[in-house]
Each structure stands twice: as C-alpha cells, then as structure tokens.
Amino acid sequence: MTNFNYFIDGPILLAYLIGTIMLGLSVRRYLQGVQDYLVAGRRMDLYLGIASLAATEFGIVTCMANAQLGYKYGFVGISPGISLFAAMLIVGWTGFCIKPLRMEQVITIPELFEKKFGKHVRWASALVIVLGGLLNMGVFLRMAGDFLTITLGIDGQFLELMMTILLIVVATYTILGGMLSVLITDYLQFVIMGIGLITVTFLFLIKFGWNPIMNSVEATYGSAAFNPFIDGNYGWDRILLDVLLALATVLTWQTMITRILASRNYQTGQKIYIRTSPFFLVRFTIPAFLGMVALYYFNSQGGAPENVILALPQLIALVVPVGLIGLLVAGMLAADMSTNSSYLLAWSSVIYNDLLAPIHKNQWSEKKGIRINRLLIGGIGLFLLLYGLWYPLKGDLWGYLQVTGTIYLSSMMVILIAACYWDKANDWGAMAAIAIGSLIPISFLILQEVEFTKAWVASIGPYKSGVATYVFTFLAMIIGSYLKPRSL
Amino acid sequence: MKHLFWFIFFAVVLIWYIVVTIIVSWKGLGNIRSMLEEQDD
C-alpha cells in the first residue's frame, strides 16, 4: 500500500528521469579524450565539486542504511557521520596525504604507488580496490530496487526489472558522457535531493512532533540511544571502527579522492573537503532522524516490516502525501543515480588505469581508451545486477558496507600514509599490507557463511574483526618493510 | 523540549543544510558554465 499516485506523482518522476538523461547526454560533445572522460579535464571548481561529492556520497543505500542505524540505535547511530565529518575536516584543513596526492597529477591511488613502490604494488592495489569496491557496491541496486518497489507500490516480483531499468538509465549517460555527465547530473541531483529531503523532514516534524518521536526512542532503547558512553547495543568496538574507517575513507575511497584528483589544484581540492565535510553529518543525521520517525510510527501504529532496512521506504509509502511523495522519490532516485554513476566510473577508471596498464602501457589512442572504459562500465553494471540478486545480506547494511570497504581501505590507507611520509616504506611492506588487509575481511565474509565457523565468527563480530584488520595491516607494513634486505 | 542537546544539534545541521544547498546550487550553476566554456576553447 502506498500514497504514490501514478497520475500526479508519476509525471513528476518521469520528468525528472527524462531531464537527467537529456542533460547527461548533452555534454557528450565536450569529450575530447580520456582525461575529460575520467576526471573532467581537471576543470572542476569548488561549488560544483561540493555538489558532486555531496550528491555522490548520498544515495538510497546511504539513506536506508543510516535510517536503519537511527531505527536501531537512536542518535548514537550517527557516530559514523561524526567521525567522517571530523576526519574530512582535519584532512582538508591539513592537506594530510591529499596534498601530495594531487600534486603528483595521478588519476588513481595505485598510480601513485607505482611511482613509490613499483608496478607489482600498483597492480595488487588496483585488484583489492576493485574487489572491495565492487563487493561494496554489489548491494546498491538491490536496495534501490527494494526502495522503489515499496514506495511505488509495485509487487516484489518486479524487483529485478526495477533494478535493470535503474541500471540502464544510469549506465547510459555514464557510458556516453563519462565524468562530465556525472558532474552535471550530480549537480541536478544535489538540488532535487535537497528539496525532497528538507521538505519531508519538516513534514514529519510538523506531523508527529519532536517530543513524541524522542519519547518513543527513549522508551525502546533508554538513555543508550542518546549517549554513546552508556553501555548499550552500539559498543566501543563499533565506535573505534567508525573512526578508523572514517579516516581511511576520506584518504582513499576512490569516489571521494576522485574529486581531489579532478580539481583544478590541491588548494581547491582541500577547500572542497573542508566545505563538504558538514554534509557527512547531514548524510547521517537526517536519515537517522527519519529512521527514528519510522520507529515512532510503527511503535504506535504497528505493522513494522520484518526486515528493519525496509522501515524507511514503508514509512514514506504510508505517510508522505500525494505530490510530495513524487518529489521525494524523484529526490531519492536522483541521489541513487548520482551515486551509481560516480561509482561505475570510479571502479572502471581503476580497472582501466591500473589493472589494464600492463596491457595498454598508455599507448592506446584516446578514442580506444574511451571505448574500453565504456565497455568496462557495461561489464560492471552486469556484475552488479547478478551479484545484487543473489547475495544474502546479513546484519546491518552499514556493517556489510564497512566489512567490504575494509578489504581495501585498511591497506590503501596504510600504504598511502607510508608513501607520503615514511622513507623506509618499500614494496615488501606494501604487499604485506595488501595481503593482510584483504585476507581478514574476506575470510570474515566467507566464514560467516560456513556452518562449521558461523558461531565463532558471530562471537567475534564484524567490528572487532574490522579493527583487527587495521591494526594487523599497519603492523604488516612496518614489519614487511624492515624485513626487506637492503641489497634488493 | 526533550533531549535539548540533540534538538539543537539537529536544528543546526538542518539549517546549515538548507543554507548551503541554496548557496551551492546557485554558485554551482556558474561553475558549470565556466567549465563547459573552457572545454569549448
């Protein structure tokens, strides 16, 4: 059941979708080469950079995952957002790692690693980045499909069709227009998403009131929902992982670092980080609040979905009125499309620039380079469709994103810091860090499915395992570097 | 007002988001124009 009306809300949604495609395709004529395709010719200015980064990092998945955090943990659920805000502000302010990275004029982080540690490290880095990135992105389509089938009131059996349609729309303008299309459509999506989110937040505040919502959260979880220092269901291991993950994300997450690499110069890149940092508070605070509204609503009305991740779309479908629901769904779709387009481009650029480097050796023509990138994007899209349909998501969505992200974030952060600031770092340390950094999270994902090890893995939990990954990766870098004989 | 700290926190975040969305939307349009003009050169 939904308030979505196909005669009133349908045209709003259609107008937005058609507008985006037309806008994305209109910039094709400006494409002159691979640099334009992957990093918009490094001509991105401050405000476009902020809009693009904010839109990219705020998709349906973010909204649902963070609403789930608010639903389950109250305001303590925004801990990752506070960590990300602080990390981004500090890194932007100091230029830690991002300044030397931008000054090297590379397209990807593995490209920097080749300069410091050689070809093998570049290739291994690219492999874990793509592996972690694709596994991470693997659930995006499915979550977006779930969101749309519920808010549009479509039967669940059409989930795969919704996923396919979404992918085709996004892939079309990403494949054809590359980073230029992504930036322009990100801008539009930033505006639409902002209008939708702000409007619906005010709607819920006026309709339900702050005090009743907070009373409901307190009645369910007690003071632990408002104070992370009280023992509750969030945990210190989770907070520590949030901090480590936040730092690793702002330093090495490909879609974020692309904005630095695509900026005019390092000064613009740093400003983009500083001024975008509060968006990461918004990214958690508003969806978490919407999750708390869902908790209040289902506590008082009943009918909470069995799978808590679906609480937000259910709330929207039942409570947001005709007209506004069309705008909000368009806003969420906008958010999701900007995320998917940037992510498709990010992983294809790493595959092209780094994994395929030994094959093309930078000798391919610009035309061939663009064609190959387009094929890669199509291939990644197909993988997402297939993976999203069969992977059985366990636990929090945010927990899954943290574990899959850690496959690459842990080692890339350690190696990047070492490459920028430690003279004794070498390829042995880098390879050891990559091996340990990927082994622990991959083992965790596999062992939690194996009958024999399930219970043991569950007792450790994803947060302690995540923290251990960072610690052991750091140690592997140091020990590996010192182990290398000086003669080599 | 229950949980005043979180209410103020939430209000500040929301107001900031509204203000910055307006500013970034306005100035971002100018950025797009100059970026595409440079691509044309």
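**Aromatic rings, helices and backbone angles**

Trainee: What separation along helix H7 of chain A do Phe113(A) and Phe117(A) have, in helical turns?
Mentor: The structure above is a predicted model. Phe113(A) and Phe117(A) both belong to helix H7 of chain A, where they are four residues apart. Their separation is therefore about one helical turn.

Trainee: Which kind of aromatic pair do Phe113(A) and Phe117(A) form?
Mentor: A search of the whole structure finds 28 aromatic pairs over all chains. In the pair of Phe113(A) and Phe117(A), the centres are 6.3 Å apart and the planes are at 55°. Planes under 30 degrees apart would count as stacked and over 60 as edge-to-face. The pair of Phe113(A) and Phe117(A) is therefore classed as tilted.

Trainee: Which residues of chain B belong to the cluster linked by ring pairs?
Mentor: The cluster includes residues of chain A, namely Phe75(A), Trp210(A), Phe226(A) and Phe289(A). From chain B, ring pairs bring in Phe5(B), Trp6(B), Phe7(B), Phe9(B) and Phe10(B).

Trainee: How are H9(A) and H15(A) oriented to each other?
Mentor: The axes of helix H9 (residues 140-151) and helix H15 (residues 311-319) of chain A come within 8 Å and cross at roughly 25°. Angles under 35 degrees count as roughly parallel. H9(A) and H15(A) are therefore roughly parallel.

Trainee: How many residues in the contact of H9(A) with H15(A) are nonpolar?
Mentor: H9(A) passes H15(A) in a right-handed crossing. The contact is made by Phe147(A), Ile150(A) and Thr151(A) of H9(A), together with Pro313(A), Gln314(A), Ile316(A) and Ala317(A) of H15(A). Among the residues of this contact, two are polar, none is charged, and the nonpolar ones number five.

Trainee: What is the phi of Cys97(A), and where does this residue lie?
Mentor: Most residues other than glycine have a negative phi. Cys97(A) is not a glycine, yet its phi is positive, at about 70°. Cys97(A) is buried, with 0% relative accessibility. Its place is the loop between helix H5 (79-94) and helix H6 (98-103) of chain A.

Trainee: Which class of accessibility does Gln105(A) fall in?
Mentor: Gln105(A), in the loop between H6 and helix H7 (109-117) of chain A, has a positive phi near 60°. Its relative accessible area is 47%. Because that value lies between the cut-offs of 20% and 50%, Gln105(A) is partly exposed.

Notes. Residues numbered from 1 in each chain as written. Chains lettered and ligands numbered in written order. Predicted model: local features only at pLDDT ≥ 70, side-chain atom pairs only at ≥ 80, totals over all residues. Heavy atoms only, no water. Helix = DSSP H or I, 4+ residues; strand = E, 2+ residues; numbered from the N terminus. Buried < 20%, exposed > 50% of the residue type's maximum accessible area, 1.4 Å probe, protein only. Phe/Tyr/Trp six-rings, centres within 6.5 Å; stacked < 30°, edge-to-face > 60°. Axes fitted to C-alpha atoms, helices over the stretch in contact; angles between N-to-C directions. Parallel < 35°, antiparallel > 145°, perpendicular 65-115°, else oblique. Left-handed = near helix turned anticlockwise from the far one by under 90°. Contact = heavy atoms within 4.5 Å. Nonpolar A, V, L, I, M, F, W, Y, C, P; charged D, E, K, R; others polar.
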